[in-house]
Amino acid sequence: MFISHSRNPFHCVRALKAMSASPYLEPDAEVEFCSEIAGQRSWSIGKIVSRPSFSPDHVLVEYDYEQDTNPKTQSVSIDKVRPRPPPETHHDFKIGDKVDAYDKGSWREGHLVKELEDGKFAVDFNLPKQLNEFPKENLRTHREWIDDHWEPPIQQQKQELFRIGDLVEVSSEVEGYRGAWFLAEVVELKVQGKFLVEHKHLLHDVTKKLLEEKVDDNHIRPLPPNALSSNRDFDAWKIGDPDAKYKLLDRVDAQCFEGWRVAMIRKVHVNNTYDVFLEGDPQPLNGLTPEELRRHYERVDCDWEIASQRLILGGIQWLFR
């Protein structure tokens, strides 16, 4: 809850008055608001539209509804509204942790019950016979907003800054594209907590125009240092370093479905071609040229670094330092 558990009604009134003066309740502020069904709480992302004068303890919130292309508006009690927590770059989850899982446009509260072999986690939402699987990037530590601060506290972290026109890489949770990063351009900043981007190689199924979509902080990053697109040559972005030499077990990105997927070198051929395993896929890709590969970098605290050689292949975790 966001107000004191005291049963003193005057204390509750004072708490609501103090809450109503919070800056995150001002128009255009990005927030999360709570809904509860059968004891299951979830947090949807929205934007404050207004504060109705006839109902000072409520705000009008605009939000995206996944089954409708048009935003929805809803009146929400201010004790069910909180600011959006800043994105977290480090997640060290343990079995039993209380977490929020991003599912169908909202963050649902649950508990981690199992780490699966494919790198995902099973989450229990306290509903009979319902366990759901989520990748790590769709989980966050559960926190409560109490007296204008987060519990447990959030360590200060750097935040990525993007401008309209920036070339970026974005990832997707759509089946068939999961795990890949695609080239896109930022066309609008922070629409209800998300960036509006235009893909440079993916087309809309119907219109056949360049695909536009909204992505959140967990699915957007700057171009890695080895991306060849400084002159906005979008096709060059899909080409790796033709002079690169890779070794057995090197962690790389492999060109796949108009994007780049994390992979590991499994065999080096004398003609300078390579066989690789894609992360999460036991079937190898064979005979890739250096132009179809690039060195793998990971984004950590707004900096690029070459990560440890950890890869999940067909349920087996490989770790190389």
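**Cores, burial and salt bridges**

Analyst: In this predicted model, the largest nonpolar core has 15 residues, and those touching the most other members are I48, V59, V61 and V81. Strands β1 (30–37) and β3 (58–63) each supply at least two residues of this core. The greatest contribution comes from β3, with 3 residues.

User: Which residues is V61 in contact with, leaving aside its neighbours within four places in sequence?

Analyst: V61 is in contact with V31, F33, G46, K47, I48, V49, K72, T73, Q74 and V76. Each of these counts because contact requires heavy atoms within 4.5 Å. Apart from this core lies another, of 12 residues, including A254, V276, L288 and L293.

User: Why is D275 called buried?

Analyst: The relative accessible area of D275 is 6%. Buried means under 20%, so D275, at 6%, is classed as buried. This residue lies in strand β20.

User: What makes the approach of D275 to H269 a polar contact?

Analyst: The side chains of D275 and H269 come to 3.1 Å of each other. A polar contact needs a pair of N or O atoms within 3.5 Å, one able to donate a hydrogen and the other to accept it. The value of 3.1 Å is within that limit, and therefore the term applies. The side chain of D275 also reaches the backbone nitrogen of G287, at 2.9 Å. Both H269 and G287 are among the residues in contact with D275.

User: How do you know that R294 and E169 form a salt bridge?

Analyst: Their closest N and O atoms are 3.0 Å apart. The definition asks for a side-chain nitrogen of Lys or Arg within 4 Å of a carboxyl oxygen of Asp or Glu, so this pair qualifies at 3.0 Å. R294 belongs to strand β22 (residues 293–295) and E169 to strand β13 (residues 167–171), so the bridge ties together parts that are 125 residues apart in sequence. Both R294 and E169 are buried.

User: Are E258 and K238, which meet in a salt bridge, buried or partly exposed?

Analyst: The N to O distance in this bridge is 2.9 Å. The pair links distant parts of the chain, 20 residues apart: E258 is in the loop between β18 (251–256) and β19 (259–268), and K238 is in the loop between β17 (220–222) and β18. Partly exposed covers the values between buried, under 20%, and exposed, over 50%. E258 has a relative accessibility of 33%, so E258 counts as partly exposed. K238 has 22%, and therefore K238 counts as partly exposed as well.

User: What makes R251 and E279 a salt bridge, and how is each residue classed?

Analyst: The N to O distance for R251 and E279 is 3.6 Å. Because the limit is 4 Å, the pair meets the definition. R251 lies in strand β18 and E279 in the loop between β20 (274–278) and β21 (284–288), 28 residues apart. R251 is buried, because its relative accessible area is 9%. E279, in turn, is partly exposed, because its relative accessible area is 29%.

User: How many salt bridges does the structure hold, and which residues do shared partners join into one network?

Analyst: The structure holds 21 salt bridges. Salt bridges that share partners join E32, R82, D100 and R140 into one network.

Definitions and conventions
Residues are numbered from 1 along each chain as its sequence is written. This is a predicted model: local features need pLDDT of at least 70, side-chain atom pairs count only at pLDDT 80 or more; totals for chains, interfaces and linings use all residues. Side-chain values use heavy atoms; hydrogens and water are left out. Helices (H or I, at least four residues) and strands (E, at least two) are DSSP runs, numbered from the N terminus. Buried means under 20% relative accessible area, exposed over 50%, partly exposed in between (1.4 Å probe, protein chains only). A nonpolar core is a set of buried Ala, Val, Leu, Ile, Met, Phe, Trp, Tyr and Cys residues joined through side-chain atoms within 4.5 Å.
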